[in-house]
Structures are given as structure tokens and as C-alpha cells.
Amino acid sequence: MKFREKLIRFGLGRYGTDELYYALFALCLILFLVAALTRSYLFSVLQLMPLFLMVFRSFSRNIHARRRENAVFLRIWNPIKSWFVLQKDRIRDRKTARYRVCPKCRAMIKLPVKKGKHTVPCPKCGKRFETRIF
Ligand SMILES: [Zn+2]
């Protein structure tokens, strides 16, 4: 059997990569940098833990367990990621738009910059609420 076929057969049924894999990779890089900058033995050892988890998870055949782990990770990670995306959008749109939260459904609403007090309908739940744009 050729090496290529052996490699393909080895990869069959394995979990592979997901968002948690990339997060562990980022954590590994951060720990590597900290270990390099501080020349700390502790961080040199700590950086191996996410690396071990990455390899273990990507070669695992227990796909359901790995998907559950990734779902738990995404429940924590997605709100954090959304917050950063919102901050990026706020900076990008700082001259043309203001962002307000609907008091009823907590949806984020993008409003054009028109100074003064306005009554705004929420596009998600339909509730009208007052807001002030400076
Ligand atoms: Zn609403």
C-alpha cells in the first residue's frame, strides 16, 4: 500500500478541525510568545497542553463528543466575538450611524446620525421607543 493511501485511510472517520481547534491554536501561540518573552519554564510546559488537546481532538474518532465540546465553546465564544464585531462596526460607522439597544428585545439597532430626540420603531419586535442622538 502506498503512503498516500495509508494516510487517507488513517484520516477516515477522524474529527478534524473546528473553531475550538483554532482557538486552542491561538492559545498555544500566545503561551509560546509568553514563554519566549519571559523565558519561563512554566509557560513552556503550559503551551503543550493546548497543543496536546488540538492533536487529540483532531484525530479523535468520537465525533459526537468533539461536536459537543465545540458547541459548548461556541456558546461562550460567539457573544465575545459579536461584541468585538459590534465595536469594529461602531468605529467604522462613527460618522454616519449610532447604535442603540431596543429596551424590549435587546436587539442592536443602527440609526442614521440625525441629532435630537427621536421615536424609533424596532425592526425586530416592532416596539417604538425614544432615543436621543448627539
Ligand atoms: Zn425590539
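**Helix 2 and the segment that follows**

A polar atom of the S40 side chain lies 3.2 Å from the backbone nitrogen of L42, where a polar contact is a pair of N or O atoms within 3.5 Å, one able to donate a hydrogen and the other to accept it, and residues adjacent in sequence count only if both atoms are side-chain atoms. The model is predicted, with local features requiring pLDDT of at least 70 and side-chain atom pairs pLDDT 80 or more, whereas totals for chains, interfaces and linings use all residues. Residues are numbered from 1 along each chain as its sequence is written, and side-chain values use heavy atoms, without hydrogens and water.

S40 is located in the loop between helix 2 and helix 3; helices are DSSP runs of H or I with at least four residues, numbered from the N terminus. S40 counts as buried because its relative accessibility is 17%, the limits being under 20% relative accessible area for buried and over 50% for exposed, with a 1.4 Å probe and protein chains only. R39, which follows helix 2, has a positive phi, near 50°.

At the N-terminal end, helix 2 is capped by D18, a side-chain oxygen of which lies 3.2 Å from the backbone nitrogen of L20.

The buried residues of helix 2 include L20, Y21, L24, C28, L31 and A35. These residues cover an arc of only 95° around the axis, which puts them on the same side of helix 2; the arc is that of the directions from the helix axis to the C-beta atoms. The buried residues pack against helix 3 (41–46), helix 4 (48–59) and helix 5 (63–92), contact meaning heavy atoms within 4.5 Å.

Definitions and conventions:
Helix = DSSP H or I, 4+ residues; strand = E, 2+ residues; numbered from the N terminus.
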